[in-house]
Amino acid sequence: SKREGFATIPNVSWSDIGALAAIRRDLQTAIVNPILHPTLYNQLGITAPTGILLWGPPGCGKTLLAKACAAESRANFISIKGPELLTKYLGDSEAAVRRVFARARSSVPCVIFFDELDALAPRRDSGSSGEGGGESSSSRIVNTLLTELDGLSDRSGIYVISATNRPDIIDPAMLRPGRLEIPLFVDLPDPSARSEILRTILRYKPVVADDVEAVVELGHGKECEGYSGADLEALVRQAGYHAIGRLASMLNMEDFRAAAARVRPSVGDIKRYYG
Ligand code: ATP
């Protein structure tokens, strides 16, 4: 089932993710190993973190990483998009947050993924507080999230991964120890990372054998400067359209060159985001 907010086990493994090796290692230690080997953690007296914050520009693999964590640990996965929770449960978002955690408790081990966390947990001091003299709805949601996070003990079997492009506007209390305590920056890929990602995406694509290395090399070059993982995915899709245009059933270098001329980097200047 792909229904929002229900538990599933995703079919994404570490091998479906190109580059990002250091982050994959950190997530293996923080989430996958504690789920797979809880007694070892107990015996060694090591406390697993409650939650992680993946932050960085769009399209660089945050969702993919969260899914792979759940799949690699054979845990259930509950995916929540911040803005959807707000609009779907208008006026009753706190109850919706509590239901998410209740559902997770009934399907342990479980990874809860809060995408676009900034929409759900913005700084409580920012603007719209005190409607009708009471707490604003956004600060009630933050308080509910904090209560639920604080209720997750080391052995609860529930892990929270959150993602945002805007860590600067998240309520800082969310990021304290025992909550989303480990921030991991998921950067725009550098030239070698782009090549690795391309190689990963191309694994199951029909590329003319003699052209594979040249295509991977293209990822390294100026043509793909500033591309995110999502842009590399778009590159391969565009190459596919180009191949269809010439009624070919295999992708070749010409298809990828034409595609690279069409795909523009979607992120733009990363310094605009993070200074
Ligand atoms: P957003 O902030 O927009 O939610 P995100 O960081 O969560 O973006 P993903 O949804 O994980 O990005 O990535 C978008 C798509 O780009 C993926 O479905 C995948 O096809 C491709 N992609 C991104 N990064 C990688 C990667 N490291 N390896 C392979 N594919 C990738």
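## Leu54 and its contacts

In this predicted model, Leu54 is in contact (heavy atoms within 4.5 Å) with Lys62, Leu65, Ile161, Ser162, Ala163, Thr164, Leu184 and Val186, when its neighbours within four places in sequence are left aside. Residues are numbered from 1 along each chain as its sequence is written, and side-chain values use heavy atoms, without hydrogens and water. Local features need pLDDT of at least 70 and side-chain atom pairs count only at pLDDT 80 or more, whereas totals for chains, interfaces and linings use all residues.

## Nonpolar cores

Leu54 is also among the residues with the most contacts inside the largest nonpolar core, which has 30 residues, and that group includes Trp14, Leu27, Ile31, Leu65, Val111 and Ile161 as well. Such a core is a set of buried Ala, Val, Leu, Ile, Met, Phe, Trp, Tyr and Cys residues joined through side-chain atoms within 4.5 Å, where buried means under 20% relative accessible area with a 1.4 Å probe and protein chains only.

Two or more residues of this core come from each of helix H1 (21–36), strand S1 (51–55), H3, strand S3 (110–115) and strand S4 (158–164), helices being DSSP runs of H or I with at least four residues and strands runs of E with at least two, numbered from the N terminus. H1 gives the largest share, 6 residues.

## Ligand surroundings

The ligand is surrounded by 17 residues, of which Gly18, Gly59, Lys62, Thr63 and Glu233 are the closest. Helix H3 (62–72) and helix H10 (229–245) each supply at least two residues of this shell.

An oxygen atom of the ligand lies 3.1 Å from a polar backbone atom of Cys60, and a polar side-chain atom of Asn165 is 3.3 Å from a ligand oxygen atom.

Definitions and conventions. A residue is near a molecule or strand if one of its heavy atoms lies within 4 Å of it. A polar contact is a pair of N or O atoms within 3.5 Å; within protein, one must be able to donate a hydrogen and the other to accept it, and residues adjacent in sequence count only if both atoms are side-chain atoms. Buried means under 20% relative accessible area, exposed over 50%, partly exposed in between (1.4 Å probe, protein chains only).
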